[in-house]
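Open the model in your viewer and keep the selection tool at hand. The tour below goes stop by stop, saying what to select and what is there.

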Amino acid sequence: MTILGSTGSIGTQALDIVRRHPERFELVGLSASSNVDALADQAREFSPQYVALENGSARDLEDRGVKEPRVLTGRGAASELARVEADVVLNGVVGFAGLAATVAALEAKNTLALANKESVVAGGEWVLDLAKDNPIIPVDSEHSAIFQCLEGREPDRVSGLLLTASGGPFFATPKAELLDAGPEAALKHPTWSMGVKNTLDSATMMNKGLEVIEAHHLFGVSYENIKVVVHRQSVVHGGVYFKDGAFVLHASPPDMRLPIAYGLLYPERVASPVGDTDFAGVSWTFDEPRNDVFRCLPLAFEAGRLGGAYPVALNAANEVAIESFLDGRIKFLDIADVVEATLESASGVDAAAELESLDGIVAADEQARAEARRVLEARR
């Protein structure tokens, strides 16, 4: 297999699975954006055939003792690696940057284990068309849960999907207290250990909004039939409603190594590193999202329904706003305001944009980012 984003949260957990089951895996390649020290450590430990570094040089790796594998460097290195033949390519790249690698893996007819939801949010049906001849195995815990609930069942028997959200660190926090919430508080996730971007998206509920759009495309279910609930225990990850009234839920301990392992070895399963789900004396709760406070979720539903370039703009504006929040230029609740203003701008969203090529999607993304920056400048 190949792991793209091997030094991030998904990638490091995938490599933990490799350590536990070394007889099952041969590493074709590892890629990182800029963490050359971590990538070098991984290369020395796992001896992949290739290493790819987006921001750095072969000399950077050689200076750290990495000389034997073929080294790919520079912009597009991860995409180049994604095209190398492998049984499965795990895309754990964060954000819109992962789209090009998704496209490359699919065009090369490699099976794609996808943890980069932005690829499907921005790429939409065009990306799904690329996957007609080779499967996408979802790795996000919610989409993996739904995927497993659907196994062996005919799509025409499905009436709806359920996505669960942890609610992040602020779900029960009064709105007035969120006015001055900073990055340190927003990054204290109560359940999951994730990277910075995904953790902040969880705090704003944008993470769930992006997952709604991804679920719509992956499973062919209308937005009207996708429901989101807040499940603070993070044990139930998703479910499927069937037309006969049955409802199938997927539950497991909140550990990303479980859906990662399933995505890498599908349809096989390996022994769990975290044990079984405990039912004794356990209570599960499910609450409605606070859409009046965490407005990114309803904004994502609306962008998905509008289609066209709106999901691209939603994701682009969110990434720009997240950067501004981390830099201290806007407040926590301003993130949704920036996204909404970008979506409302005629110049920021071209609903008729050409979205049937990577270049077209990148152009729509760049246009939306420029508009989001104009929105931010106007707020100063």
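Start by selecting Pro267, which sits in the loop between helix 12 (257–265) and helix 13 (296–306). This is a predicted model. As background, most peptide bonds are trans, and most residues other than glycine have a negative phi.

**Two loops with positive phi**

Select Ser47, in the loop between helix 2 (36–46) and strand 3 (50–53). Ser47 is not a glycine, yet its phi is positive, about 50 degrees. Is Ser47 buried or exposed? Its relative accessibility is 55%, so Ser47 counts as exposed.

Then go to Lys109, in the loop between helix 5 (99–107) and strand 6 (112–114). Lys109 is also not a glycine, and has a positive phi of about 65 degrees.

**An enclosed helix**

Select residues 141–150, which make up helix 7. How many of the 10 residues of helix 7 are buried? The count is 10 of the 10, so helix 7 is largely enclosed by the rest of the structure. Among these buried residues are Glu142, His143, Phe147 and Leu150. To see what surrounds them, show strand 7 (136–138), strand 8 (158–165), helix 11, strand 10, strand 11 and helix 12, against which the buried residues of helix 7 pack. Following helix 7 comes Gly152, with a positive phi near 75 degrees.

**A hairpin**

Two of those neighbours deserve a stop of their own. Select strand 10 (residues 236–242) and strand 11 (residues 247–251): they run antiparallel and are joined by 5 bridges. Together strand 10 and strand 11 form a hairpin, with 4 residues between them. In the turn, Gly245 has a positive phi of about 95 degrees. Pick out Tyr241 and you will find Phe247, in strand 11, opposite.

**A pair of helices**

Finish with helix 11 (residues 206–219) and helix 14 (residues 310–326), which pack at an angle of about 155 degrees with their axes 12 Å apart. Because of that angle, helix 11 is roughly antiparallel to helix 14. Their crossing is left-handed. To view the contact, select Met206, Leu210 and Ile213 in helix 11, which meet Pro311, Leu314, Asn315 and Asn318 in helix 14. Colour the contact residues by type: 5 are nonpolar, 2 are polar and none is charged.

Key:
Residues are numbered from 1 along each chain as its sequence is written. This is a predicted model: local features need pLDDT of at least 70, side-chain atom pairs count only at pLDDT 80 or more; totals for chains, interfaces and linings use all residues. Side-chain values use heavy atoms; hydrogens and water are left out. Two strands pair if DSSP finds at least two bridges between them. Axes are lines fitted to C-alpha atoms, for helices over the stretch in contact, and angles run from 0 to 180 degrees between N-to-C directions. Angles under 35 degrees count as roughly parallel, over 145 as roughly antiparallel, 65 to 115 as roughly perpendicular and the rest as oblique. A crossing is left-handed if the near helix is turned anticlockwise from the far one by less than a right angle, and right-handed if clockwise. Contact means heavy atoms within 4.5 Å. Ala, Val, Leu, Ile, Met, Phe, Trp, Tyr, Cys and Pro count as nonpolar, Asp, Glu, Lys and Arg as charged, and the others, Gly among them, as polar. Buried means under 20% relative accessible area, exposed over 50%, partly exposed in between (1.4 Å probe, protein chains only).
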